[in-house]
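Hi,

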Amino acid sequence: MYGKNEIAHERKDKLFVMFIKTFINPFIGILMFLALLSLVIDVLMAEPDEREWATVIIITTMVAISGLLRFYQEWKSSKATDTLKKMVNNTASVYRYGEPETREINITDLVPGDVISLSAGDMIPADMRIIESKDLFISQSSLTGESNSIEKTPELQDRIHRTGSVVELDNICFMGSNVVSGSGKGIIVTTGRHTYLGVIARNLVGERAQTSFDKGINNVSLLLIRFMLIMVPFVFFINGITKGDWFDAFIFAVSVAVGLTPEMLPMIVTSNLAKGAITMSKHKTIVKNMNAIQSFGAMNILCTDKTGTLTQDKIILERYLNVQGQEDLRILRHAYFNSYFQTGLKNLMDRAILSHCKELGFENIEHNYAKIDEIPFDFTRCRMSVVIENDEKKRQIITKGAVEEMLQICTHAEYNGVVTPLSKELKREIYKRSEQLNKEGMRVLAIAHKS
């Protein structure tokens, strides 16, 4: 009734369609026209023992080798891509009416009315209405381009009236977004092509734009056609007028057309593209369309904004400084507690803190502490807090966040071992040190605690 929970995507060509498309090329069209013309002349105009099949055989052989080589390479790439797709199987935790408990099913089998359980790191499998949430923050950057997460709640707030954007609805999660932190439950409203993302995908799917290589082939083909339209009639009329034998003049004109066309070019081009595709496959890259090889080779500058493509997607903890700018293990210990005990999705800085503390042998100190509560990060507070208690029942809240945000809420600081009011002079000193670290290419976080 509802169909699979899939958005529109490019349909895979059947095998015979893929085979035919490998021969649909302006340059191959010119060669086949000349081969057909030569065949007609040989069959209709010459005696059986005087027919010469060399031209037809050479042109047809070159075209066949070129097409078959391209077809084999693209078929092999398509097969490898299908194998990779089968290795990926996304599931969702679903509760359905009449079933005793939740179960994991493939997201393509979801239908409206399914109740989905969400937790940090989950993808939103369809458009759904939130019915239960606890500090649920969703990243909708794939739909809006906005990196800031949005909190989703069962109640509809008034933000939609201020922005006028449907993706800003507080109680609706959209397919294609993902859970940053918190947990919740939602009931699926729409699936597949009827989702917000599905409508976008439907408008984008279509014929791909021509690559520079395709345009180049078309330009070469048009250039050859122009030469033929000028040279062949010119040669035909001059030869016919001077010799008086119009049939021989026509044969000679066709020979000129064949001579103008480089029959080996399709095979040479295809062989080079195939070699490039094979080389790319050795580097774990699948090339589905062989013409894309030329685009790779013609590329001078590759621009990307995806973290981890050109870097290691990793941050290293360099310093843990107190207010005076001196390294202090107490600062690192409090940062470790904050990153360790939070239940949200740990970001790169959390992982850097935990990794550095592991090197220093800090990973066992949490056994002496228990987490009492936490306040997840949100973009109103711009900070994240955990409440912990040690074996002696001493309870404290540890908060980390941006330096500017933390200085706005803190009233005291530990300076030279003494807790002192956070004066304007001390704030300026902290700001100055933070700016200097930023100029050195470092990201600075501030840590605060209170018993």
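Arg330 and Glu414 form a salt bridge, with closest N and O atoms 3.0 Å apart (a side-chain nitrogen of Lys or Arg within 4 Å of a carboxyl oxygen of Asp or Glu). The pair links distant parts of the chain: Arg330 sits in helix H11 and Glu414 in strand E11, 84 residues apart. Helices (H or I, at least four residues) and strands (E, at least two) are DSSP runs, numbered from the N terminus. Arg330 is partly exposed at 31% relative accessibility, and Glu414 is partly exposed at 34%. Buried means under 20% relative accessible area, exposed over 50%, partly exposed in between (1.4 Å probe, protein chains only).

This is a predicted model: local features need pLDDT of at least 70, side-chain atom pairs count only at pLDDT 80 or more, and totals for chains, interfaces and linings use all residues. Residues are numbered from 1 along each chain as its sequence is written, and side-chain values use heavy atoms, leaving out hydrogens and water.

The whole structure holds nine salt bridges. One of them joins Glu440 to Arg319, at 3.3 Å between the closest N and O atoms. These two lie 121 residues apart in the chain.

Another pairs Glu389 with Lys393 (3.9 Å, N to O). Shared partners join Glu389, Lys393 and Arg395 into one network. Glu389 is buried, at 13%. Lys393 is exposed, at 62%.

Now the backbone. Lys393 is not a glycine, yet its phi is positive, about 65 degrees. Lys393 lies in the loop between strands E9 and E10. Asn416 also has a positive phi, near 55 degrees. Its loop runs between strands E11 and E12.

Best regards
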